Amino acid sequence: DFKTTMANAEFPSIFLNASGVNCMTVTEMDEMINAACTGGVVTKSATPQQREGNPQPRYYQLEHGSINSMGLPNEGFPYYLDYVTKEHAKPTILSVAGLKMSDNIELLHKIQASDYTGLTELNLSCPNVIGKPQVAYDFEETDALLAEIFSFYTKPLGVKLPPYFDLVHFDQMATILNKYPLTHINTVNSVGNGLWIDIDTEKVVIKPKQGFGGLGGTMILPTALANVRAFRQRLNPSIKIIGTGGVTSGADVFMHLLCGADMVSVGTALLHEGVGIFQRLTDELTTIMAEKGYTSIEDFRGKVQDF
Ligand code: DHB
């Protein structure tokens with residue numbers, strides 16, 4: 001069985017939605033919780049106020065993944081805090097994304113003061129708000145933000161990270177994260193600012209940001225695996241890892257787990273296939289494990305071998 005715990009939460013399975021997919025409304029979040037083989041639900045990243053997001057079209061399916069520039073459409077922080085504070089059959093992760101530093105502090109003060117006792121994930125990697133850089137690509141700002149947060153915040157907290165592409169950046173970010181009592185990191189957010197073009201119209205395929213948008217799906221699997229592996233090699237064992245990026249099959253899940261992921265989340269493929277994907281991934285992973293003679297994820301988690 002694929003039960004797993006993070007902080008005070010007991011997840012019945014390792015599988016989650018990637019934030020942004022199937023988690024905007026109560027109906028969608030309930031569907032995630034009620035679906036077979038899910039561990040729980042991560043909310044759409046909440047901003048202090050409700051947002052419409054960027055103009056449409058803002059999501060486009062590519063041959064090997066997806067490109068999006070949603071622009072943080074969401075129902076607003078009170079809506080998601082209300083949802084996660086209620087009793088549910090599976091755990092929740094409340095994702096929050098301030099549009100500026102003071103928003104992040106304010107949101108976490110509100111969670112700290114609320115009745116919610118579950119996990120929160122601070123999104124340091126939203127790439128689609130026009131004019132706003134990703135916090136987690138600014139190492140000093142990330143350190144300063146976490147220092148301020150942990151001066152008052154005592155509930156379970158993790159961070160959502162963008163992909164890094166330089167081994168020294170893994171060293172630098174891991175050194176910062178290891179200073180704080182984080183429950184987990186979630187790696188990776190979409191690969192920022194890709195571009196796709198329809199050759200018939202010679203136009204970009206999404207409207208916001210002149211077509212630039214975050215990439216997801218199969219094409220980002222190697223980047224996701226590298227980030228899970230690199231952080232597992234560098235982070236304190238107490239900091240768990242949610243592996244996100246490029247999962248469409250049980251084999252992809254198996255690779256994330258070999259890299260050291262504690263849980264695995266699914267974005268693009270969940271959007272395309274629906275919540276039935278979690279039963280399929282469970283069946284496919286179970287088959288791979290049986291073929292290899294593994295009886296538990298602990299038999300192989302983090303044990304990817306060098307060539
Ligand atoms: C959006 C995209 C992200 O990758 C993210 O982390 C948060 C929000 C968006 O465009 O809505």
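Tutor: Start with handedness: a crossing is right-handed if the near helix is turned clockwise from the far one by less than a right angle, and left-handed if it is turned anticlockwise. Helices (H or I, at least four residues) and strands (E, at least two) are DSSP runs, numbered from the N terminus. Residues are numbered from 1 along each chain as its sequence is written. The model is predicted, and local features need pLDDT of at least 70, side-chain atom pairs count only at pLDDT 80 or more, while totals for chains, interfaces and linings use all residues.

Two packed helices are described by the angle between their axes and the distance between the axes. The axes are lines fitted to C-alpha atoms, for helices over the stretch in contact, and the angles run from 0 to 180 degrees between N-to-C directions. Helix H7 (residues 250–259) packs with helix H9 (residues 277–292) at about 65°, and their axes are 8 Å apart. H7 is therefore roughly perpendicular to H9; that term covers 65 to 115 degrees, with under 35 roughly parallel, over 145 roughly antiparallel and the rest oblique. The crossing of H7 and H9 is right-handed. On the H7 side, the contact is made by Gly 250, Ala 251, Val 253 and Phe 254, and on the H9 side by Leu 281, Glu 284, Leu 285, Thr 287 and Ile 288. Contact here requires the C-beta atoms, placed from the backbone, to lie within 7 Å. By class, six of the residues in this contact are nonpolar, two polar and one charged. Ala, Val, Leu, Ile, Met, Phe, Trp, Tyr, Cys and Pro count as nonpolar, Asp, Glu, Lys and Arg as charged, and the others, Gly among them, as polar.

Another packed pair is helix H5 (residues 167–177) with helix H6 (residues 221–234), whose axes come within 10 Å and cross at roughly 50°. That angle makes H5 oblique to H6. This crossing is right-handed too. Phe 170, Asp 171 and Ala 174 of H5 meet Ala 230, Phe 231 and Arg 234 of H6. The contact between H5 and H6 has four nonpolar, no polar and two charged residues.

Now the strands. Two strands pair if DSSP finds at least two bridges between them. An open sheet of eight strands runs in the order E3-E16-E15-E10-E9-E8-E7-E4, with parallel pairing. Strands E3 (15–17) and E4 (41–42) stand at the edges with a single partner strand each, so one side of each has no neighbour in the sheet. Within the sheet, E7 (residues 92–96) and E8 (residues 119–123) run parallel and are joined by four bridges. Ser 95 stands opposite Glu 121 in E8.

Strand E14 (residues 213–216) pairs in the antiparallel sense with strand E6 (residues 65–68), over three bridges. In that pairing Ile 67 stands opposite Leu 215. E14 is also joined to strand E11 (residues 191–194) by two bridges, again antiparallel. There, Gly 194 has Gly 213 as its bridge partner.

Two loops deserve a look. Val 188 lies in the loop between strand E10 (184–187) and E11, and the peptide bond from Thr 187 to Val 188 is cis, with omega near 15°. Leu 72 is found in the loop between E6 and helix H2 (77–85), and has a positive phi of about 60° although it is not a glycine.

How values were computed: Two residues are in contact if their C-beta atoms, placed from the backbone, lie within 7 Å.
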